[in-house]
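Take a first walk through this structure. Keep the sequence beside you as you read.

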Amino acid sequence: MPKDAAVEEFARLVRTLKARDGRSYEALGRRLNVSGSTLHRYCSGATVPEEFAVVDRLAVLCGADEEQRGELEAAWARADRTRRPPVPEWSTEPKEGAQRRPAGPAPAPAAPEPVPEPEPVPEPEPRPAPEPDHAGGPEPELVHARVPGLPSGRRWRRWGWVAVVGGALAVVGAMTLGAVLLPGKARERAAAPPPPPPPLTWTVASHLWTNGCDHTYLVERTPPPPPEAADARRWAEAQGAVHGGETLVRVSVQGKGAAAVVLQALHVRVVERGAPLPWAGYRMDEGCGGAVTPRRFAVDLDRPRPVARALDGYDASGAEGRTLPAVSFPYAVSLTEPEELLVSAATAGCDCRWYLELEWSSEGRRGTVRIGDEEGEPFRTSGAKGRPVHGYDSEGRAWITGEESGQGG
């Protein structure tokens, strides 16, 4: 198989797995411990991974069976061979244009050049014999003879300096290599201390319905009958459903101790935008009335920089009911005084993936926590304008179009 064809076949199989899962490059990359841009290069054929393990984890994550994983591994092996240089083949045949050696016995090796005799070393002048010691015989005389071929004293001194400098460099190199390669307390002391953990905790519910009964999901294929509100998350995940037009999120925040934690601000971060999904909408109910929860925030995801805007609430517990004015940040929470934030994020013109970021301060410390859905992934909301909308006919036990059910698009 040609080089480009092998790489493209491997990239096509990776793209098929990614399309089957439906998540973004960033979301899948976090599950595979690679960046979203790296996963995109695998899908486009710009890069072939060094090891098969990363794409094998992608196959398992996307529900591939053993046969599909085997096909993927074979395609990876073919694509991997294309980036390795070919091994040269050794041949005894002379290359074109090279002179052939005439037949016959090999020529005798050339005789080595004569090595010049070392210069004669002058004999040291005789030294007078030392006076005999009264306690014994004469002391032995120290004779310094020069061995031929060894450097003189001046050259020995020069080579001595080279040895000293080389030894110092070796010590510095060993210390540097030890600091890089050897795990231990030296590197731990050099590492920056981790940021302190936040003094608060939170839970998320992202499959809420307005007043507990009204919501629209976008689904690629006709789904089974709508679930009860309590089973909405399980039903939506099984169908691959996406919130249509609006996502309602409830965040319950609570301190970890008696000290108050002040919630300073709530931000919205859109991490990915795309065209609205071309899927039909399915309404969970015809709509109903009820009380609106206080501490409510509205987010327009179509704005370049969405903000969480506080809304008025309504208390229906009394005979006549009363309006609850919107309360802006900051709020204070503790272990015994939790707080609930209800965020309604809407869009008409994008398939948006987004997070909430909650700023906090407590006892002289500050920080920000990122809040995603129940799995820690970004929330996802897609515009439903212009899409066919279906309602469920409980008597006929079938989905009918919005026009037949009297619902708008």
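This is a predicted model: local features need pLDDT of at least 70, side-chain atom pairs count only at pLDDT 80 or more; totals for chains, interfaces and linings use all residues.

Residues are numbered from 1 along each chain as its sequence is written, and side-chain values use heavy atoms, with hydrogens and water left out.

Stay with helix 8, residues 232-239. Helices (H or I, at least four residues) and strands (E, at least two) are DSSP runs, numbered from the N terminus. Ala232, Trp235 and Ala236 are its buried residues. Buried means under 20% relative accessible area, exposed over 50%, partly exposed in between (1.4 Å probe, protein chains only). Down the helix 8 axis, the buried residues fall within an arc of 95 degrees, so they line one face. That arc is taken from the directions from the helix axis to the C-beta atoms. Exposed Arg234 and Ala238 sit on the face turned away from the buried side.

Now turn to the largest nonpolar core, with 26 residues. Such a core is a set of buried Ala, Val, Leu, Ile, Met, Phe, Trp, Tyr and Cys residues joined through side-chain atoms within 4.5 Å. Trp354, Leu356 and Leu358 have the most contacts (heavy atoms within 4.5 Å) inside this core. Strand 13 gives the largest share, five residues. A second, separate core has 22 residues, including Leu17 and Tyr42.
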